[in-house]
Each structure stands twice: as C-alpha cells, then as structure tokens.
Amino acid sequence: MNNSPILLIEDNPDDIELTRIGFLHANISNEIVVMSDGHAAIEFCNRVDRQTSLSMIVLDLNLPRVSGFDVLRGIRKNAATQFVPVIVMTTSDDERDVAASYAAGANAYVRKPIAFDEFQKAAGHIGLFWLNLNITPG
Amino acid sequence: MLSRVQRYVFWSAVVIAAGCFLLLPSVHDVEWKKFLDNVHWMAASTAAATLTYLSFRAAQSDQRRTLGWFAFGTGCYAIAQILWAIQVSANWTPFPAPSDLFYLLMPISYLLGIWTELKNKINRGEYRTIILDATILTIAANALTLAMYLPRRDLATELQFLITIAYPVLFVTALSFSLITILHARPSLDRSWILVIAGLFFNSVVWMIWNIQALEHSYTDGTLYNTIFTIAALMLGVGSATWKFEMIRSTHRFHVSDLLLRLSPIVAVIMSSVSIVACITISTMDSIVRLAIELSALLVLILSIVRQTVLVNEVAKLTSLETAILSNAGFAIIATDKKGVITAFNPYAEYMLGFSSEEMIGKVTPERFHDRNEVIQRATEFSEKLAKTILPGFGVLTAEVEAGLPSVHEWTYVCKDGRKVQVLLAVTRLTNVSGETTGFLGVAADVSKQKQAERQIMQLNADLEYRVRDRTAALELSNAELETFAYSVSHDLRSPLRGIDGFARLLGETISPQLNINQSHYLTRITAATKKMGEIIDGLLDMSRVTRTAIHPVACNLTTEIRHWIADQATRLQNRNLQWRIDETPNVFADSRLIGLLVDNLLANAVKYSGQTTEAIITFGIQDQDDRWLTLFVEDNGAGFHMAEVDRLFKPFQRLHRIEEYEGTGIGLATVHRIVQLHGGWIKAEGEPGKGAKFIFTLPLASTTR
C-alpha cells in the first residue's frame, strides 16, 4: 500500500470533512493534505519533493480563484506530480466536464453521490484501487 | 394511301389504257378505233368506281357521307360508260341516250359530296360567304358557257340542246363549288383534292368541246380528248379514293387563300364582262340569248355587291368588338406605325398617363412617356443581348420583337403630371398580308400597386428577420441562463444536500445507543428527504440537458437498448413476478444517449406502475410503420390512469398518483416527451384505471444507407 500523503483539493468544508470520514471508514490512513483553492493547490504542488511525493490527488472541479482544470494542468506540468494519479471527484456529471478532465490528464472521474453510505462506498473503492492495486512510475 | 387491292385495280386500268393508246395510231379501221376507245374509257371509269367504292367501304364515319357521294358519282359514270359501249356495239346512238342521264349524275354527286364536306368542316359564319362566292362564280362561269352554246341552239332539237348544255353547266358548277370551298376551308395542300379538281376540270373542258363539235357536226380527230377523258377519270378515281381534307391554320396559306378569295368576285365580274362582249360581237345572236346572258351578268354583279356588303358587316362587327375592347380594357393599349408614331391610344392609356389621345395620335412616339434613363439603360442591355447596337430611342422598345423574340418587360412611364407608374409592357409586331411590319402594338398593365405590395412584403420580411434575430438572441441568453442554472443546481444544491445526509447519518451512528425511537425516526426521515431531493435534482438536470443540448442522431436500436436495461436491472427486479414481451424492431435515427434516457424513463415507469399487479406484463413492439417513421409502444398492465388526466401526464411535476402509492419525481415522462419531440416525433398515452397504460411514440427510421 502506498503510504504517501493524499492531496485533497476541495473548497467545501462539509465535503472535506465527509471525505476524511469516508476514507477513514474505508480504513485509508494516509495523511490527507487539504488545499481549499486552486491557486494554493498549484503552489503546494510546486513545493512537493519528488521523494516524499503524493500517493494520489482527489480534485474537485468547482474551485475558487483557479479552476479545477487549470489545477489539473498545473499538476501535470510539474515534474514532481506529473505521474501522480488524479481522481476528479465532483458533483457534476456533465459530459463536457468529464471530457475536459480526461483531456487535462485526469486518471479517473467520480461523481460524488448524495447519500453518505454510497459516498463512503465510493471512497473505499477509490482507496482500494488507487492506493493498493495501481502502480505508478517512479 | 391506296390499299393493295386498290393499287392492283389502278395499275390494271393504267396498263389496259396504255395498251389501247399504243395500239390506236396503228389502227385505221373506224370500228376498231371505236372499240379501243371504248375499252380504255371503260377500264378507266370502272377502275375509278371500284377505287372509290373500296375507300367508301373502309371510310371512317366523318368521311363516309362524302365518299358515299363520290362513290355514287363514279359508279354512275362507269354505268354510263358501259351503256355507251353497249350502244356503240349495237350501233344504236340516239341523242339523248340513256347513258347521258348517268353521265350527268356524276357532277351532281360530286357537288353534293363536297357540299357535305363543307358542312362538316366550316362554321356557320363562313357558310354564307362561301355560298355567295360559289354562286357568283358558278353563274359567271355558266354565263360564259351560255355565251358559247346559246348561239348554236338552232343546230339541234330543244331536248338535245338542253342535255348538251347540261354537261358543261353541271361540271362547271361542281368545279366552282369545289374551288371556293377549298379556298375557304384552307385545307393543307393535298394530292387527293387537287386530283379531284383536276379531274372535274378536264371532264368539263372535254365535254364542252365535244358537245360543241357534236352540235356543229364537225368531228375532228378525238384521240387527244379521248386520252384526256380517260386520264381525268383515273384522276377522279384516285383523288376520291384517297380523299383527305384537313383544315390547317398555316398563316402563309391563310394569306394565299384570302388573296384568291378576294379575287374571286373580280374574276366573276371579268367572266360576265367577257360574256357580254361575246354577246355584242356575235351579230347573229337573237334578243332572247342576249337577254339571258345579260341577266346572268347582272346577277353576278348584284351578288358580288351583296357579298361585299356581307363582308363589310362582318368587318363592322369585328371593329365594334375591337372598339369595345380598346375602350373598356384595363390596360393601356397603344399602337404605333413602323417609325413609332402613335396611331392608337386607348382610354385607359389616357387615364393612366394623363395625356389625351389627341395629344398623342400622329404626333409623338411612346418615348414621350418613357423614363429616359431607363430607355438608355435598356438600350445597353438589349445591345448586349441581341449583339447589335441599339440606340436609345423608340427602337429600344421594339428591338426584341424585331429580332423575333417575345418582349415583356417592366417599364417606368412618366405621366403628364410627372408621376411615375410601373407597367408591365408586352410589345407585338403588326404585319400586313405578306408578313411585313406595318407597326407595333404595346399592351401595358399598371403594376405600381403590386410593386408597392412587393416592397411592403420585403420590408415586413426584413422587420421579421430583425425580430427573429432579436428574439433568438434573447432566447440564447435565457438558454445560457438555464444552462448556468442547471450547472449550479448540480453543484450548489447537491453539495449541501450531501452535507445534510452525511452528517445526519454520522450523527445517527455516533449517538445511536442514546437515541429513542422518535429521534432515530427523525434521522431516518431526514435521510429519506435528502434522497428524495437528490432524485428531484437529478431529474431536473436530465430534463434541462435534453432541452439544451444539440442532438447527434445515429442508427440505434430500441430493442437492444431495452434488453440491456432489463439485464442491468435484473438484481433489482428479481423479486418481481414480471414478464417481458419484447419484439424486434428496425433501427431508428436518433441520439443514442437520449434514447437510453427515454428507454430508462419509459421502462422504469412501466415497472413502477405494474408493481402492484400480481402477474405484470410489459410489452414493447411496433404499432405502425411507414417509409420514414416508426411508431412504437410500451404497454403495461399496471395501475393505468383516467383518460381525462392524459394531458397532465407529460407535464413536469404533475403526478397522477399519490406519492404514498407510487414513488417518483414527476419529471420522467416530461423528459420522454421532450426527447421524442426533439427527434420530430410525437407521443401519446392511452390508459384505463386498473387495466394499464400504453405509451405510443414515433421516431424517425434509420435508412439502410445511414
């Protein structure tokens, strides 16, 4: 299991807390770093050390200051984070958002379920796959 | 055309006659000469009778009567010839003889035959002039005949003389009638009637000469006349057998016929004059003869005058019609001479332009009221079109008709008071009998009002276009607003909802042991309410997406979509006693994503409302099909609905059942309705409470080429 920190880029405090609880319930104990606006998220990524790195990035699209797509492009441009799996987790299931996310380099796209039990299930699946099964270069 | 049998008959007669002609010069015996003459006459006359009779047998009804008379005539002629031959062989040649009676029946029959044709082909108006013309010509020609015969009347008995004179008189009468009729009817130039006229002509000439010789007992060598007589008989036969008399309206022949007809009274008057001169010069003539000839000549003159009067009346009738047309027409009718000087300017032209006809006729050309700049512009246009230089002037108006082209154009007239009128002007060439240009005629209709209406329509169209653009912009704006709204619904409403649900559950989990029944019930209600609201938001999102996105139609299959849906829902439906009857259907041309949504909503609906039926059956199949549209249906035997409520079925948020009975957001069928509409189709529902519901909808068929 990859134990590096998870970067959660999300501005809604409710969703931040629910995501934390969701991962916790799914027995994902990685450190969770939260960035609540796009600009801060990019700054943070630029500071990340290649060695310490990140295990995965969970990204909301609807962000203040810098949009989720720009953040995603910033992550991919940065050598330290270019191969880190980015899971777009957002409320929209608009096809254009899905397509734009993949075009900008997202590894997965998950729509946040409203019901908490389903949300928990989703968090569990994400952790299991991207932290346990998935292999990334470097 | 002659038939095969007729051709045999004809050629046999020709061969026999030719044989006789060849033998005659070498025969010197009078009896033999008589015999040979009689043989070729009989051959020719019986051949003529046979040919005509065969044609009469085969004739169509409209020609039957004419050919019947012709056949009768040639038949009598043949009988006369046979009788004559018998008389000659018996050496019994009294005068008059029985054969004379039959000979005389021939011209009478032809006269009647042509008369019949005349009545068939010519209208009543012309009939009078024809009778007059024919009578005048007949009397004149017969006056001439009388002038030749009457001086010789003492040479025979009165009966003999009467018979003798009857020959040329009857033939000349038939000939005159034929000529006049043919000229009036203006038939196409045909060999048949030329042959008939020639046959009659030669017969009358030969009879006249013969009879005069007979009266004077001054027989000369008759070989030439005998030959002509036989040839004339054959001409009559072939002409009658192939008789064709078709009216044509060729302008050229019209002029020729008219010219000849106009000459006919003059010819008649000349013939009468010759007769009178003959009377005066022959001193031996007694007063009775003189009187008869002079009376005939006088009759010709009177009839000629009557004819001209009748014609003048006809012309007056036409003129009054023309005047009526000119003065009451709702068009400006303007005639000019060859150079363009106005010769007619009708009252409407005066009304339209404000000029009086006195100011116009004989004084100016239509250039006077044409827009000068337009004339200059058209001069250039027409010069290019006709590839010759046309100077701005009257010539511009007539350039096209002079080049043999039709000329109908819109022009601008400038009225006396300076007002401009738009007209549609048609120009034609006026010609004389020989087709030379004598002038031009212009008919102009005022189209100013149409032009104005046209301009108004164009203005209205422009306004409409502007308004449509305006409205479209407004709609685009509100569409964009709707899009933003849908997006914010998806983000901004869902997020807090998730918070409510998540924290309510967490609350429940963390303090569940301390909760009493009421408290945990409240938490359950909160969770249920958030779930419900989530569904409503998702439904709204689906519907707004259907409305705002463009459709991308491809060939897709509803049967396949439905099977997939059933497979997907298998676990959810495993506890239901549900029977599916799904038919195969052809491909439709539709947006596959929307079709998926349509199938989902329709089937979910059917499944839901058949939930309380013990043996639920859901059917899908084809209701109807044509070459462009497929009409499909989805039917269940569930709760159904009252037809009175059918209108509310497809409206968003309208529910026909209480929420406790059947769950739902009330958006699904509204979405289905929009999907079908987006594809150009329609949807309707049929139902009965407790019996079930049937949804019938159309979608465009995918053609095999797509």
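Reply: **A helix pair and its surroundings**

Helix H19 (residues 592-609) and helix H21 (residues 668-678) of chain B have axes that come within 9 Å and cross at roughly 140°. Helices (H or I, at least four residues) and strands (E, at least two) are DSSP runs, numbered from the N terminus. Axes are lines fitted to C-alpha atoms, for helices over the stretch in contact, with angles from 0 to 180 degrees between N-to-C directions.

This is a predicted model: local features need pLDDT of at least 70 and side-chain atom pairs 80 or more, while totals for chains, interfaces and linings use all residues. Residues are numbered from 1 along each chain, chains are lettered from A and ligands numbered from 1 in written order, and side-chain values use heavy atoms, without hydrogens and water.

H19(B) brings Leu594(B), Leu597(B), Leu598(B), Asn601(B), Leu602(B) and Asn605(B) to the contact (heavy atoms within 4.5 Å). Facing them from H21(B) are Gly668(B), Leu669(B), Thr671(B), Val672(B), Ile675(B), Val676(B) and Leu678(B). The tally is 9 nonpolar, 4 polar and no charged residues. Here Ala, Val, Leu, Ile, Met, Phe, Trp, Tyr, Cys and Pro count as nonpolar, Asp, Glu, Lys and Arg as charged, and the others, Gly among them, as polar.

H19(B) also reaches out to chain A. Arg593(B) forms a salt bridge (a side-chain nitrogen of Lys or Arg within 4 Å of a carboxyl oxygen of Asp or Glu) with Glu95(A). Their closest N and O atoms are 3.2 Å apart. This pair crosses between chains, from helix H19 of chain B to helix H4 (residues 95-104) of chain A. Side chains of opposite charge can pair when their charged atoms come close.

Now step back to the whole interface. Between chain A and chain B there are 4 salt bridges. Over all chains the count is 24. Asp117(A) forms a salt bridge with Arg505(B), with closest N and O atoms 3.4 Å apart.

In total, 24 residues of chain A touch 23 residues of chain B. About 2000 Å² is buried between the two chains. That is the accessible area (1.4 Å probe) that two parts lose on being put together, summed over both. Carbon and sulfur atoms give 51% of the area. On the chain A side, three residues lead: Thr91(A), Ile114(A) and Phe116(A). They supply 32% of what chain A buries against chain B, more than any other three residues.
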